[in-house]
Amino acid sequence: MAEKRDYYEVLGVGKDATPEEIKKAYRKKAIEFHPDKNPGDKQAEEKFKEAAEAYDVLSNPDKKARYDRFGHAGMSGAAGGGFSSGGFSMDDIFSNFGDIFGGRFGGGGFGGFSGFGGFGGGGSSQQRRVPRGSDIRIRVKLTLSEIVHGVEKKVKINKAVACPDCHGRGAVSQADIQTCDHCHGTGMVTKVTQTILGQMQTSSPCPYCGGEGKKIVNPCKKCSGSGLIKGSEEISFKIPAGVGEGMQLTVQGKGNAAKSGGVNGNLLVVIEEEKSVELQRDGNDLIYTLFISVPDAVTGCEAEIPGVDGKLKIKIDPGTQSGKILRLRGKGVPDVNGYGSGDLLVFVQVWIPKKLDRSEKEIIEKLKLSSSFKPNPDKEDRTLFDRLKKMFD
């Protein structure tokens, strides 16, 4: 499968482009590659869809913010699992983005385009609107282990489903569905008005059939002609490793069913992270604070720390100072785009007792007289603040 191009590159705009500049760039691309202008050109059709997908993301502030942060993975969940931000059909584009063009080109279909016959309204047919079901949004909580390794989830969703009696038709039989008399099956009606510049032709969905191009003369009793009933479905989907709080993944076609056998909506999965008691996430890095005793800091020791998949053993060198950071490379969270994994950072803190008994105080008093216990920081100790600042910046 070809790798997706950068959405900004697709539209030919920079990341600092204004909404109006993004809209203008999309309009230019859509006109250039519209199927009416390039009949039978599959490559132009794909570029037309690609531009629509890019505009869908960059024109939406929430989607744009996720894309700027996570790239295509923020839209689709990266390494598969049935997620896709694309999958745009011509019907999706025509129904969702038609307002971009106003009525400039006359005819029906995509904001005044005639559909697939004759650029600029000279076609022999108009593009009938296809009903689309609404999306369903759910929130899924993930443990740190599930985030690191990826996971398959199974959820039961209450949703609109196709009526089992009429199989989603809305009519008792196929013979009970007739072509709309007003739009003659096109789903669109055309109005011609006279202006000072001449005749202006505008198209809109047929008010008698709701843009479907057909009418039901004998509706199904179970669904009252809608073709839909309340139901539920158990849905399985994979969540890739490395996702983060607030990221939204899309399961295509698993939302509410559409009327009259149209296009199903999508299931939108919003990620929630369950906070780990011991490990703190910072991007793709994990941070653990390890407390050690004064004797262990002086003489060195082995310590056991929590990891994602169980306990890990690390070595504490003699003379370890409070504030030292140990880095365990690759023990963090995988990058959602597949660019390696973060690290596990161990922040060492030397625990100073707050209360001592008499014998312990006597030992400390003796140690105070030793030259080994007098502060004598070297260059590395003096630049600890700078190292910490660089690491967390």
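Start in the loop between β2 (151–162) and β3 (177–179) and select His-167, which lies there. Helices and strands here are DSSP runs numbered from the N terminus, with at least four residues (H or I) for a helix and at least two (E) for a strand. Before you go on, note that this is a predicted model: local features need pLDDT of at least 70 and side-chain atom pairs count only at pLDDT 80 or more, while totals for chains, interfaces and linings use all residues. Residues are numbered from 1 along each chain as its sequence is written, and side-chain values use heavy atoms, with hydrogens and water left out.

His-167 has a positive phi of about 55°, although it is not a glycine. Is its side of the story buried or exposed? His-167 is exposed, with a relative accessible area of 61%. The cut-offs: buried is under 20% relative accessible area, exposed is over 50%, and partly exposed is in between (1.4 Å probe, protein chains only).

Next, pick His-184, in the loop between β3 and β4 (188–195). His-184 has a positive phi of about 60° and is not a glycine. His-184 counts as exposed because its relative accessibility is 64%.

**Zoom out for a moment**

Of its 393 residues, buried ones make up 41%. Take the contacts (heavy atoms within 4.5 Å) with a separation of 6 or more: residues 24 or more positions apart account for 65% of them.

**Tyrosines among the helices**

How many aromatic pairs does a search of the whole structure find? There are four. For this count, rings of Phe, Tyr and Trp (its six-membered ring) pair if their centres lie within 6.5 Å; planes under 30 degrees apart are stacked, over 60 edge-to-face, and the rest tilted.

Select Tyr-7 and Tyr-67 to see a tilted pair, 4.7 Å centre to centre with 40° between the planes. This pair links distant parts of the chain, with Tyr-7 in helix α1 (residues 7–11) and Tyr-67 in helix α4 (residues 61–70), 60 residues apart. Tyr-7 and Tyr-67 are both buried.

Now move to Tyr-26 and Tyr-55, a stacked pair at 4.5 Å centre to centre and 10° between the planes. Distant parts of the chain are linked here as well: Tyr-26 sits in helix α2 (residues 19–33) and Tyr-55 in helix α3 (residues 42–58), 29 residues apart. Tyr-26 counts as buried because its relative accessibility is 0%. Tyr-55 is buried too, with a relative accessible area of 10%.

Which residues meet here? Select Asp-56, Val-57 and Leu-58 in α3, which meet Lys-63, Lys-64 and Tyr-67 in α4. The contact of α3 with α4 has three nonpolar residues, no polar ones and three charged ones. Nonpolar covers Ala, Val, Leu, Ile, Met, Phe, Trp, Tyr, Cys and Pro; charged covers Asp, Glu, Lys and Arg; the others, Gly among them, are polar.

**On to the sheets**

Colour β1, β9 and β8: these three strands form an open sheet in the order β1-β9-β8, with mixed pairing. (Two strands pair if DSSP finds at least two bridges between them.) β1 (136–142) and β8 (248–251) stand at the edges with a single partner strand each, so one side of each is left without a neighbour in the sheet. The twist averages 30° from one strand to the next. β1 pairs with strand β9 (residues 267–273) in the parallel sense over seven bridges. Select Lys-141 and you will find it opposite Glu-272 in β9.

Last stop: the open sheet of four strands, ordered β10-β11-β15-β14, again with mixed pairing. Strand β11 (residues 285–293) and strand β15 (residues 344–351) run parallel over eight bridges, and Leu-286 has Leu-344 as its bridge partner in β15. On strand β14 (residues 325–328), the pairing with β15 is antiparallel over four bridges. Finish by selecting Leu-326, whose bridge partner in β15 is Val-346, and Leu-328, whose bridge partner there is Leu-344.

Notes. Axes fitted to C-alpha atoms, helices over the stretch in contact; angles between N-to-C directions.
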